[in-house]
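Opened the notebook for a quick look at a new model. I want the surface first, then the fold, then the aromatic rings.

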Amino acid sequence: MNIYGYVNGDMTKDLYKEFRDHDVTTLVIETREVNQGENQPTLDALLTGMSKGDKLIIYNLSNLKKTLSELAVFLKTLKERSVELVILNKDELFNTMTDAEFFAFIIDLYEENKRVVQEKSKRSERKNRNIGRPSVSKETIERIRQLRIHENYSLQDTAKMCEVSLGTVYKYADTQRK
């Protein structure tokens, strides 16, 4: 079993001491200048080399620089490979949870978010709701131009009479006046 430490950014003496206190055998520091050299260590490369029973220690979740969905996929990969993840500095809210409970919470949160997005998408398809601005008929465009260009109505009056926004009046009439 190997114990890996991972830092994305600057390494402090205190952080180094914490990794040493947790018996880290391999410490990977990913610098901000990613991909400067051919052998620049990355989290993905580290994960590829890890095997069942290994442990990955990080300072906090933000150190991974992952979105919620990326984090959930990352945690699932660790779980599938039977790699333990240890977070040294969890937010106070989550300090009462074990690491395993916390990771299960993140994965469940991600899965629930996926279900909500899918359900919203299905509901939108069922309603056959058009997304975006409503189209303006040719007759309305002609009426806007007639009122603005030929009869010199104001933007506001034309918008009210044609039941469209000021932007629509401007788009179809005022750009034609110049």
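Predicted model: local features only at pLDDT ≥ 70, side-chain atom pairs only at ≥ 80, totals over all residues.

Accessible areas here come from the Shrake-Rupley method with a 1.4 Å probe.

Burial next. I find that 33% of the 178 residues count as buried.

Then the fold. I looked up seven helices and four strands. Reading along the sequence, I wrote down β-α-β-α-β-α-β-α-α-α-α. For contacts with a separation of 6 or more, I noted that residues 24 or more positions apart account for 52%.

Which residues make it? I have Tyr-16, Leu-27 and Ile-29, with a patch area of about 240 Å². I checked Leu-27 on its own: it sits in strand β2, residues 26-30. Its relative accessible area is 31%, so I file Leu-27 as partly exposed, because that class runs between 20% and 50%.

Last, the rings. I describe a pair of aromatic rings by the distance of the centres and the angle of the planes. How many aromatic pairs does the count come to? I get one. The ring centres of Phe-102 and Phe-103 are 5.9 Å apart and the planes stand at 65°, so I call the pair edge-to-face; the cut-off for that is over 60 degrees.

Definitions and conventions
Residues numbered from 1 in each chain as written. Heavy atoms only, no water. Patch = residues over 30% accessible without salt bridge, like charges linked within 9 Å, V, L, I, M, F, W, Y side chains within 5 Å. Salt bridge = Lys/Arg side-chain N within 4 Å of Asp/Glu carboxyl O. Helix = DSSP H or I, 4+ residues; strand = E, 2+ residues; numbered from the N terminus. Buried < 20%, exposed > 50% of the residue type's maximum accessible area, 1.4 Å probe, protein only. Phe/Tyr/Trp six-rings, centres within 6.5 Å; stacked < 30°, edge-to-face > 60°. Contact = heavy atoms within 4.5 Å.
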